[in-house]
Amino acid sequence: TPAEVAGRADRVIVAARAVEGDVALFAHGHILRVLAARWIGLPPEAGQRFLLGTGTLCILSDYRGVPAIEVWNGPLGS
């Protein structure tokens, strides 16, 4: 269910925020879209609004202490 996926994403977010420094995550597109939504405080269903291509780069960050999406669906290299 969306609530179960949101719970998994929320646990990943808690673990990632507890690490000092950068964290790399690799997963299937659907969970990554939910993860992005949850990162910025949206409900899990909002993940459907984040289009995500195969093998792209996404960076979840923060702006002045507010969770933000720095890069979404970016290329891996030039």
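Predicted model: local features only at pLDDT ≥ 70, side-chain atom pairs only at ≥ 80, totals over all residues.
Together with Val12, Val19 and Val23, Leu25 makes a nonpolar surface patch of about 290 Å².

Two helices and two strands are present, and their order from the N terminus is α-α-β-β. The radius of gyration is 12 Å, close to the 12 Å that the globule rule gives for 78 residues, so the chain is as compact as a globular protein of that length. Along the principal axes, the C-alpha atoms fill a box of roughly 40 × 30 × 20 Å. Buried residues make up 19% of the 78 in the chain. The accessible surface comes to about 5,700 Å², and carbon and sulfur atoms account for 58% of this area. Among contacts between residues at least 6 apart in sequence, 31% join residues that are at least 24 apart.

One salt bridge is found in the structure, and its partners are the side chains of Asp10 and Arg38, with an N to O distance of 2.9 Å. This pair links distant parts of the chain, since Asp10 belongs to helix H1 (residues 2-17) and Arg38 to helix H2 (residues 29-39), 28 residues apart. Asp10 has a relative accessible area of 26% and is therefore partly exposed. Arg38, at 24% relative accessibility, is likewise counted as partly exposed.

Arg64 has a phi near 55°, a positive value in a residue other than glycine. Its place is the loop between strand E1 (57-63) and strand E2 (66-74). With a relative accessible area of 73%, Arg64 lies over the 50% cut-off, so this residue is exposed. Asn73 is not a glycine either, yet its phi is positive, at about 65°. Asn73 is found within strand E2, and its relative accessibility of 32% makes this residue partly exposed.

Key:
Residues numbered from 1 in each chain as written. Heavy atoms only, no water. Salt bridge = Lys/Arg side-chain N within 4 Å of Asp/Glu carboxyl O. Helix = DSSP H or I, 4+ residues; strand = E, 2+ residues; numbered from the N terminus. Buried < 20%, exposed > 50% of the residue type's maximum accessible area, 1.4 Å probe, protein only. Patch = residues over 30% accessible without salt bridge, like charges linked within 9 Å, V, L, I, M, F, W, Y side chains within 5 Å. Areas by Shrake-Rupley, 256 points an atom, 1.4 Å probe, with all protein chains shown as cover. Rg over C-alpha atoms; globule rule 2.2 N^0.38 Å. Contact = heavy atoms within 4.5 Å.
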